[in-house]
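Please find below a note on the two-chain model under review. The points are meant to be read beside the sequence and the coordinates.

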Amino acid sequence: MKLFIALTVLTGVMFIASLLVGYARIPLSAWLSAMFGQGNPLFVTVMQEIRLPRAVLAAMIGASLGLSGAAMQGFLRNPLAEPGLIGVSGSAALGAVIALQTGFAAAFFLALPISALAFAGGAVGLILLLAGPRGSSLTLILAGIAVSAFAAALTSLALNLSPNPYAASEIMFWMMGSVANRAMTHVWLAGPIMVLGWIALGGLGRGLDALTLGEDSAEAMGISLSRLRLQLLLGTAAAVGAATAVAGAVGFVGLVVPHILRRFVHGRPSTLLWASALGGAAMVLAADLVTRLVLPERDLKLGVVMALIGAPLFLHLIYKTRREFA
Amino acid sequence: MTLLSARSLTVRRGECPVVDEATFSVSAGECVGLIGPNGSGKTTLLRGALGLLPHEGHSSLAALPASDRAARVAWLPQLREIAWPMSVQRIVALGRLPHLARGATLRAADQAAVEAALCRMGLQDFRDRTATELSGGEQARVLIARTLAQDTPLLMADEPIAGLDPAAQIATLQVFETLAQEGNAVLTSLHDLSLAGRYCTRLIMMGAGRIVADGPPQDILTAERLAEVFHLRANIVPTPNGPLVQPLGVIA
């Protein structure tokens, strides 16, 4: 309960900070009224159309990545698992790259995220086909690796064949991940899909708790493993696919956040689910703040900052826990 | 009251039957030991009877919906797995999961069942320890306590005492004996034939996927059967505490 309050407060503080910090200097007195469409119309535009969607998206993407990371680790009973493992984010990125490459992205406003979502959905279909209805978690991982590798190869091919350096650099920048210059339309497109994903993933707690004792024990306790797996795949695809579709690839959140919070929930996978959702939201909001506070004029990308924060954090965790594995 | 009945239960790996036409039952008040050499199909028989493997023939437990089955039988697999660093108490409390609605917290009755299970396995002083940091034998006792907390009429265990020290082996089998005396039933696979003879009310002997003998320990543990099924030359001494099996050599 204490953890819940602490994480909620942390996420709330990060969210408000995200609304306060930005290029345009908005006086604190005008800030709240601008948020609700009162006062200087310029401030209103900045607040409602630039900062609010950015903060909301950062929080939602962080929650999606944290939640699916915790679910994936719980299902595979491996602290090194992360949502990207099943190839959904790689496939969503491929969809976006193809949209950018073919010019489809310019056809209409949401063409890019829709293309990315379609590819994420396709990836899940392919994994289900490959892993089979009764397959073990090992076949799931292998199918995920195969799909990831294929998506990565096709993404490289698209870069390889890009007509000019500008197209290539556009793709490169998109792939680094960012929540800058997103509109409320992005929130309305990705939001409902992410929420569906959260519902699917949030319902996994009981099954993941039982899986602590292994697949046989869980099944004997009345947990249907094939249903659990399907729910995990669809939930991850919806949450991570939608996140990647609007923000590009943002790594490390799904890996690091559950890892940090596991100690605080005493290892319990069901509690770790919502804790990681809140923790992920706070972490991505924080990383996005960093992109705006450090080198604001150079358009630092969220995915880059996240990896720069995440990798040392992960190294530190390994350093601290190495005694357990020794 | 019959808690498990299996008729012509066959489990195949590919074409080859690993368990072949097994017919047996377990009634309340029994502690049934499943004995047989490695690869004779003990684990497969137990998992098949639970419905965890595709099978032919009938098993009363496998025929139940998964949630009903979890209220009738607790299962202790051979592979001892504790994936996350949770406290002993929380691991044992996982046994209450089939009895709880989604998202519900432990009720007083659940707490009592967890407490009773901890006491039976002598784990009161371990309750707040992190389960993954315990020794292998201690973890095994924690996992047995978890199945006890499920509080089912039937307990099925696959080599529960492997890797335990002698005192813990006897303590565990005494818990099983008590469970049977209280009107529950236990079906457990074992490798220690003397302990099986002492604590089980009945033995089922398997060889090459078939049930070769089923009856009271003194009738099952004979020199001829041990030679035929286990390829073991053994001295069998009848005692007031059941037959004592002293293996003397291997029959090539």
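1. The structure is a predicted model. Every value quoted below is computed from that model and should be read accordingly.

2. Contact between the chains. Chain A and chain B together bury about 2,300 Å², and 59% of this area lies on carbon and sulfur atoms. On the side of chain A, the residues that lose the most area to chain B are R206(A), L213(A) and M221(A), which together account for 29% of what that side buries. The contact draws 25 residues from chain A and 27 residues from chain B.

3. Largest cavity. The count of cavities of 30 Å³ or more comes to two. The largest cavity holds about 50 Å³ of space. Its lining takes L213(A) and S217(A) from one chain, and L76(B), P77(B), L79(B), R80(B), E81(B), L143(B) and R146(B) from the other. By class, this lining comprises five nonpolar residues, one polar residue and three charged residues.

4. Second largest cavity. Which element gives the largest share of the lining of the second largest cavity? Helix α5 of chain B (residues 136-149) does, with three residues. The space in this cavity is about 40 Å³. The residues that line it are L76(B), P77(B), Q78(B), R80(B), A140(B), L143(B), I144(B), D158(B), E159(B) and P160(B). They divide into six nonpolar, one polar and three charged residues.

5. Is β8(B), residues 202-207, buried or exposed? Six of its six residues are buried, so the strand is largely enclosed by the rest of the structure. The burial extends to both faces: R202(B), I204(B) and M206(B) are buried on one side, and L203(B), M205(B) and G207(B) are buried on the other.

6. Strand partners of β8(B). Strand β3 of chain B (residues 31-35) runs parallel to β8(B) and is joined to it by four bridges. Strand β9 of chain B (residues 210-215) pairs with β8(B) in the antiparallel sense, over five bridges.

7. Strands β10 (residues 232-239) and β11 (residues 242-250) of chain B pair in the antiparallel sense over eight bridges. Two residues lie between β10(B) and β11(B) in the hairpin that they form. Within this pairing, V237(B) stands opposite L244(B) in β11(B).

8. Positive phi at non-glycine residues. N181(A) is a residue other than glycine with a positive phi, near 55°. N181(A) belongs to the loop between α7 (165-175) and α8 (184-202) of chain A, and at 76% relative accessibility it counts as exposed. S8(B), likewise a residue other than glycine, has a positive phi near 50°. In contrast to the loop position of N181(A), S8(B) lies in strand β1 of chain B (residues 2-13). S8(B) is partly exposed, with a relative accessible area of 31%.

9. F104(A). Where in chain A is F104(A) found? F104(A) sits in the loop between α4 (88-102) and α5 (111-131) of chain A. With a relative accessible area of 36%, F104(A) is partly exposed. Apart from neighbours within four places in sequence, F104(A) is in contact with A99(A), A111(A) and S115(A). The C-alpha atoms of F104(A) and S115(A) are separated by 8.7 Å, and the two residues are eleven apart along the chain.

10. A112(B). Helix α4 of chain B (residues 108-120) contains A112(B). A112(B) is partly exposed, at a relative accessible area of 45%. A149(B) is 37 residues from A112(B) along the chain, and their C-alpha atoms are separated by 8.9 Å.

Terms used:
Residues numbered from 1 in each chain as written. Chains lettered and ligands numbered in written order. Predicted model: local features only at pLDDT ≥ 70, side-chain atom pairs only at ≥ 80, totals over all residues. Heavy atoms only, no water. 1 Å grid on protein atoms, 1.4 Å probe; cavity = no way out; pocket = protein on both sides within 12 Å on 5 of 7 lines; lining within 4 Å. Points joined across faces, edges and corners; volume = space filled by probe spheres on them. Nonpolar A, V, L, I, M, F, W, Y, C, P; charged D, E, K, R; others polar. Buried < 20%, exposed > 50% of the residue type's maximum accessible area, 1.4 Å probe, protein only. Pairing = 2+ DSSP bridges. Contact = heavy atoms within 4.5 Å. Buried area = accessible area lost by both parts, 1.4 Å probe.
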